[in-house]
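This report describes a protein from its sequence and its model. Please keep both in view while reading.

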Amino acid sequence: MRCQPGFSFLCKSNKVYFHMSGAIVLESTITCPQCGVSKTETMPVNACQYFYECTGCGALLRPKPGDCCVFCSYGTVACPPVQMAGGRDGCCA
Ligand SMILES: [Zn+2]
């Protein structure tokens, strides 16, 4: 989850947005903050997923304060509503 210059996306707070590319990315790899297990999940397009159960340790993850969903907090890609809005300001939260 680091800014990588050279790609066409906006970067805020070390979070990658694919706004400029025009493509909505539906897969995000969530990394559990408790056990470090990563898993690629497909995100719902029209909603924010608020809870995510880690497949490694079973921890129930919730978004960090200010984030609308677990993908924005722990995923490699921000959730689709945020991507479509071009940033988390336009998210459903
Ligand atoms: Zn875990």
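T40 is exposed, because 11 other C-beta atoms lie within 10 Å of its own. On this scale a residue with 20 or more such neighbours is buried, one with 12 or fewer is exposed, and one in between is partly exposed, with C-beta atoms placed from the backbone. T40 belongs to strand β4. Helices (H or I, at least four residues) and strands (E, at least two) are DSSP runs, numbered from the N terminus.

When residues up to four places away in sequence are left out, T40 touches E27 and T29; a contact requires C-beta atoms, placed from the backbone, within 7 Å. Ten residues separate T40 from I30 along the chain, and their C-alpha atoms are 6.2 Å apart.

## Basis of the model

This is a predicted model, in which local features need pLDDT of at least 70 and side-chain atom pairs count only at pLDDT 80 or more, while totals for chains, interfaces and linings use all residues. Residues are numbered from 1 along each chain as its sequence is written.

The pLDDT, the predictor's confidence in each residue from 0 to 100, averages 77 for the protein, and 69% of the residues score at least 70. Residues 1–14 have a pLDDT below 50, and this stretch has 24 contacts beyond near neighbours in sequence in the model. Residues 16–20 also fall below 50, with 25 such contacts.

Six residues lie between the two strands of the hairpin, and G36 in the turn has a positive phi of about 80°.

## Overall fold and core

The protein has two helices and six strands, in the order β-β-β-β-β-β-α-α from the N terminus. Of its 93 residues, 27% are buried. Among contacts between residues at least 6 apart in sequence, 36% join residues at least 24 apart.

A nonpolar core is a set of buried Ala, Val, Leu, Ile, Met, Phe, Trp, Tyr and Cys residues joined through C-beta atoms within 7 Å. The largest one has 13 residues, and those with the most contacts inside it are I30, C69, V70, F71, C72, A78 and C79. Helix α1 (residues 70–74) supplies the largest share of this core, four residues. Beyond residues up to four places away in sequence, F71 touches S28, I30, M43, Q49, V77, A78 and C79.

Conventions:
Two strands pair if DSSP finds at least two bridges between them. Two residues are in contact if their C-beta atoms, placed from the backbone, lie within 7 Å.
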